[in-house]
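Here are my notes for when you next have the model open.

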Amino acid sequence: MNMLYPLTFKPIFKEIIWGGMDILPYKGLPPDSRKIGESWELSHVEQNFSVVDNGRLKGESIDGLIKEYGAQLFGEKVFRKSGNTFPLLIKFIDARDNLSIQVHPDDELAGKRHHSLGKTEMWYVVKAAPDAILYSGFSQQIDADEYVHRVENNSIMDVLQSYPVKQGDVFFLPAGRVHAIGSGCFIAEIQQTSNITYRIYDYNRKDAGGNERELHTGWAKDAIDYTLYPDYKTHYTPHENKAVELVKCNHFTTNLLKLNEIVQRDYTLLDSFVIYICMKGKAAIRDNKNNELSIRRGQTVLIPADTKSITIEPEQDAEFLETYIDS
């Protein structure tokens with residue numbers, strides 16, 4: 001059995017009309033004139049397969065890795081559950097303009113309608129303009145009929161919960177929660193591997209041909225969770241040099257690590273791959289097989305499931321999101 005090692009991937013840049021100019025410099029790359037709205041850091045979405053960028057497997061696609069290594073890469077339990085689909089999609093999103101109001105179906109509804117996984121996701125705010133806002137959930141109780149009425153009369157924004165945001169803010173978005181990214185937000189997004197989105201509202205914007213984008217009012221009506229919650233923001237207390245849990249659900253667990261000294265992470269009892277997204281600084285990562293690599297801000301590393309432990313040695317201050325499946 002060939003030994004796997006910590007894997008980095010070539011980012012897949014998405015040039016989008018609402019995109020900004022922050023992703024390339026954040027990743028330490030020369031800026032250019034493209035409006036890059038998204039960087040897909042680790043993807044097994046059809047026609048968007050990530051390609052390894054380091055070591056012996058450089059040039060291999062994530063799809064090829066799955067076929068060759070299976071449970072060695074995923075973990076036995078995750079592989080049984082996920083089959084031949086890598087279950088998570090990692091992105092950076094840079095919104096220069098407001099994105100449309102959206103909702104995603106859950107696994108049951110997406111499977112029935114689209115033969116796809118649903119989409120539960122989370123946001124971590126990398127940085128935000130002074131007036132930047134994210135939308136998550138409803139600000140008052142409505143039902144499906146009122147939702148349709150408000151979409152038709154352009155008043156749906158009146159019942160959405162908005163949040164001014166700053167660096168480090170976290171939002172968990174289970175499938176069914178209405179949400180949107182506002183202009184001036186730069187976020188890291190962790191989500192199920194799914195490209196199913198129902199567009200609810202798009203500010204009546206028109207394209208170059210004078211056409212409004214399609215809305216999915218009927219499909220979204222059945223996908224929305226109309227439950228009213230007192231707060232849709234995730235609250236946590238950061239601690240240096242230890243993992244702080246941000247989100248734990250059936251689809252992924254995500255921790256925040258703020259490091260200024262060497263830390264060891266023990267995965268002996270974890271039957272899953274681990275993903276590290278470097279949010280700040282740089283660090284050396286060494287695994288129990290004596291593999292080592294350097295990771296810097298804006299990079300994502302996939303730690304295979306057969307890794308028993310890693311040591312992270314930061315250069316000064318470094319910050320990571322750590323994600324795995326533990327359910």
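1. Let me start with overall size. The radius of gyration is taken over C-alpha atoms, and the globule rule is 2.2 Å times the number of residues to the power 0.38. With 327 residues, a compact globule would have a radius of gyration near 20 Å, and the protein agrees because its value is 20 Å. The C-alpha trace spans about 60 × 40 × 40 Å along its principal axes.

2. A word on the ground rules. This is a predicted model, in which local features need pLDDT of at least 70 and side-chain atom pairs count only at pLDDT 80 or more, while totals for chains, interfaces and linings use all residues. Residues are numbered from 1 along each chain as its sequence is written, and side-chain values use heavy atoms, with hydrogens and water left out.

3. On the fold as a whole, the protein has seven helices and 21 strands (DSSP runs numbered from the N terminus: helices are H or I with at least four residues, strands are E with at least two). Of the 327 residues, 54% count as buried (under 20% relative accessible area; exposed is over 50% and partly exposed in between, with a 1.4 Å probe and protein chains only). Taking contacts (heavy atoms within 4.5 Å) between residues at least 6 apart in sequence, 74% join residues at least 24 apart.

4. Which residues touch the most other members of the largest nonpolar core? They are L73, F86 and L302, in a core of 41 residues (a nonpolar core is a set of buried Ala, Val, Leu, Ile, Met, Phe, Trp, Tyr and Cys residues joined through side-chain atoms within 4.5 Å). Helix α2 (residues 62-69) gives the most to this core, with four residues. A second, separate core of 38 residues includes I101, V103, I156 and A180. In soluble globular proteins, nonpolar side chains tend to be buried together.

5. Beyond residues up to four places away in sequence, L302 touches Y5, P6, L7, F9, L42, I62, L73, F86, F273, V274 and I275. From L302 to F273 the C-alpha distance is 7.1 Å, although the two are 29 residues apart in sequence.

6. Not counting residues up to four places away in sequence, F86 touches L42, H44, I62, I66, F74, T193, F273, I275 and L302. F86 is also part of one aromatic cluster with F74, F79 and F273.

7. Now the rings. A search of the whole structure finds 16 aromatic pairs (rings of Phe, Tyr and Trp, the last by its six-membered ring, pair if their centres lie within 6.5 Å; planes under 30 degrees apart count as stacked, over 60 as edge-to-face and the rest as tilted). Y26 and F186 make a tilted pair, because their ring centres are 5.0 Å apart and their planes are at 55 degrees. This pair links distant parts of the chain, with Y26 in helix α1 (residues 23-26) and F186 in strand β13 (residues 185-192), 160 residues apart. Y26 is buried at 9% relative accessibility, and F186 is buried with a relative accessible area of 1%.

8. Is the pair of W123 and F171 stacked or edge-to-face? Its planes are at 65 degrees and its ring centres 6.4 Å apart, so the pair is edge-to-face. W123 lies in strand β8 (residues 121-128) and F171 in strand β11 (residues 170-173), so parts 48 residues apart in sequence are tied together. W123 is buried, with a relative accessible area of 1%, and F171 is buried at 0% relative accessibility.

9. One charge is worth a look too. The charged end of K14 sits over the ring of W40, 4.5 Å from its centre (the criterion is NZ of Lys or CZ of Arg within 6 Å of the ring centre and within 35 degrees of the ring normal).

10. Finally, two loop residues. H216, in the loop between β14 (198-201) and α7 (217-223), counts as buried because its relative accessibility is 17%. The side chain of H216 reaches the backbone nitrogen of R199 at 2.7 Å. K289, in the loop between β18 (274-287) and β19 (292-296), is buried at 16% relative accessibility. A polar atom of the K289 side chain lies 2.8 Å from the backbone oxygen of L4.

Methods
Polar contact = N/O pair within 3.5 Å; in protein donor to acceptor, adjacent residues only side chain to side chain.
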